[in-house]
Amino acid sequence: MEKTVLDALRGVLDPEFGISVVDLGLIYGVEVQPDGVHVRMTLTTPSCPLHDTILEDVERTAAAASGTRAIVELVWEPAWVPERISPEALAQLQA
Amino acid sequence: MNASHHAPPFSLVWRHLALALVAFPVALAGLAWAAPEVVANPRGPEALAVVHLFAVGWVALVVMGALTQMIPVVLAVPLASHRAIAGSHALTALGALAMTLGFATGTPYALMAGGAAVSAGFAIFVATLAVTLRGVKTWDLTAIAVAGALGLMVTGGLLGALMAANQRWVFWPALFGAMPAHAHLLTVGWLTALTAGVSYKLLPMFSLAYGHPQAVGRWALGLLLGGGALWLLTVPLPAAWPLPAALQGTGGLIYAWDAHRLLGRRKKRRLETGLGMAARAIALLPLVVATGVAAALGVPGAAGAYGVLLLVGWIGWTLVGYLYKIVPFLVWVQRFSRPESAGKRPLATELVDARLARVAGDALTIGTLGMALGFLGQHPGGLRASAALAAAGALVAAYDLFQSQHRKGATPTWKRPFSTPSAASSTPNSASASSISG
């Protein structure tokens, strides 16, 4: 189930870079619990102007993929670093 | 912390940017039209009319609009008053028009009324942001730069209003020689320090260049702001000008070097038009400083070249560059952020036309450099042609940005990178994502 949700979250794109929140390394964890699927994530910066939009998209996508309630937990520790970007996404950014 | 929660209404920001995008090509077209007079007398009424339409109608309104959007979002504090911001916009816009007409027609009362309106608009804007900034919890480099620059903004505006009044009532003769102080307080003290300070947030955000140490940036901004304040000393003591000029010139060069280093850390290698223009503006700074030195040494035509490279080049290109990021983002949020738009959303970059953006950027670049050469060569024809080219570039940019409100974005979802769920993924990133626990 976690993998299903994670794969679905590859469809949630950052509107600025056109890269999924998974490939940007924003998703710290996906865990199915009795009360629903918990998604632990961060953003590239606390100043991210698309905070609400991205979180809503993640919640909606995770709920649809899991068929259950989705709870998104936004954390700032550990802080996001560019090294979390996947190799494929990095290759795309550096093209 | 929820940055987007504090975002102001789209209309409050857009009214500033839309009016500024009209003033931009008009000001440059005005320069093209009055080129012979401007070359003959860079401090004459035609030059002053063009400079103030450009500086207040275009630059100030863009900056005020951008700050209206960015301060609540980047510094995560709500604006103290939307109504006050709207009022300051109206005063500044009307004041810019009155000042331009006052200079162009030689009407002192229009000039004074316009100056008073602009000063009042600046004061209300700064006061509103000062109250807003009281809510800032973390005073980082950007927050300090914004606060310092705003102080210089109102100081420079008030000095200008005093200069206008002094033209009529002559209460302080020293003000007749205060133009360099007025110009540098605003262009280098306010605009450059503000742009540099905000860039330490925006460049990393847009190019994924995080982790850059800020120690050098603090020095650069300190010199730009401190030098700006010291320009006031030159009103009673004109001979003191080398000190603030040297401080600000040094600050500008240090910032250019540090920003270059910051961009070198970026993960996003290719810079599209927005960041490309901003990067070009940074690269121009050493030439701006060099022409400033030449102007101080009395090289013929250097003062005009310096003014063009500073205002149209460094400041103008930077603003165009950031508008190419800000406007598509604002429009995207306005049109596509609602849940019902999911699945039909373009990328923010698809709301502008890359080809038009390139044409606009190149026309502005060539036009600006041509104008500088026109001043240095004391060649009105060259200045006129270059200003016309720059005006055309400004018009294309304005059109492109206005059209972002109507574009749908053309790239089908299946053609976008990383847009479709993969089959079994073996990337280290996805493996670690599902295994990390809280």
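**Salt bridges, helix packing and local backbone features**

A:Arg10 and A:Asp23 form a salt bridge in which the closest N and O atoms are 3.3 Å apart. A:Arg10 belongs to the loop between helix 1 (2–9) and strand 1 (13–14) of chain A, while A:Asp23 sits in the loop between strand 2 (19–20) and strand 3 (27–33) of chain A, so the pair ties together parts that are 13 residues apart in sequence. The model in which this pair occurs is predicted. A:Arg10 is buried, its relative accessible area being 5%. A:Asp23 likewise counts as buried, because its relative accessibility is 4% and the limit for that class is under 20%.

Side chains of opposite charge can pair when their charged atoms come close. Over all chains, the structure holds 14 salt bridges. Another of them links A:Arg60 to A:Asp57, with 2.3 Å between the closest N and O atoms. These two residues are three residues apart in helix 2 (residues 51–66) of chain A, and are therefore separated by about one helical turn.

The discussion now turns to the helices of chain B. Two packed helices are described by the angle between their axes and the distance between the axes. For helix 1 (residues 10–33) and helix 13 (residues 380–403) of chain B, the axes come within 7 Å and cross at roughly 160 degrees. That angle makes helix 1 of chain B roughly antiparallel to helix 13 of chain B, because angles over 145 degrees fall in that class. The crossing of helix 1 and helix 13 of chain B is left-handed.

Helix 13 of chain B also packs with helix 11 (residues 302–336) of chain B, where the axes come within 9 Å and cross at roughly 20 degrees. Helix 11 and helix 13 of chain B are therefore roughly parallel to each other, the limit for this class being under 35 degrees. In this case helix 11 of chain B passes helix 13 of chain B in a right-handed crossing.

On the surface of chain B, a nonpolar patch is formed by B:Tyr109, B:Leu162, B:Trp169, B:Phe171 and B:Trp172, which together have about 590 Å² of accessible area. Of these residues, B:Leu162 lies in helix 6 (residues 141–169) of chain B and counts as partly exposed at 40% relative accessibility.

B:Val170 has a phi near 45 degrees, a positive value in a residue other than glycine. This residue is found in the loop between helix 6 and helix 7 (179–207) of chain B, and at 44% relative accessibility B:Val170 counts as partly exposed. A positive phi, about 55 degrees, also occurs at B:Leu208, which is not a glycine. B:Leu208 is placed in the loop between helix 7 and helix 8 (215–230) of chain B. With a relative accessible area of 0%, B:Leu208 is buried.

In chain A, the peptide bond from A:Glu77 to A:Pro78 is cis, with omega near -5 degrees. A:Pro78 has its place in the loop between strand 5 (70–74) and helix 3 (87–93) of chain A. In chain B, B:Pro78 is located in the loop between helix 3 (45–74) and helix 4 (82–105). At 49% relative accessibility B:Pro78 counts as partly exposed. The C-alpha atom of B:Pro78 is separated by 9.5 Å from that of B:Val136, a residue 58 residues apart from B:Pro78 along the chain.

Definitions and conventions: Residues are numbered from 1 along each chain as its sequence is written. Chains are lettered from A and ligands numbered from 1 in the order in which they are written. This is a predicted model: local features need pLDDT of at least 70, side-chain atom pairs count only at pLDDT 80 or more; totals for chains, interfaces and linings use all residues. Side-chain values use heavy atoms; hydrogens and water are left out. Patches are made of residues with over 30% relative accessible area and no salt bridge: like charges are joined within 9 Å, nonpolar side chains (Val, Leu, Ile, Met, Phe, Trp, Tyr) within 5 Å. Accessible areas come from the Shrake-Rupley method with a 1.4 Å probe; for residues, only the protein chains shown count as cover. A salt bridge is a side-chain nitrogen of Lys or Arg within 4 Å of a carboxyl oxygen of Asp or Glu. Helices (H or I, at least four residues) and strands (E, at least two) are DSSP runs, numbered from the N terminus. Buried means under 20% relative accessible area, exposed over 50%, partly exposed in between (1.4 Å probe, protein chains only). Axes are lines fitted to C-alpha atoms, for helices over the stretch in contact, and angles run from 0 to 180 degrees between N-to-C directions. Angles under 35 degrees count as roughly parallel, over 145 as roughly antiparallel, 65 to 115 as roughly perpendicular and the rest as oblique. A crossing is left-handed if the near helix is turned anticlockwise from the far one by less than a right angle, and right-handed if clockwise.
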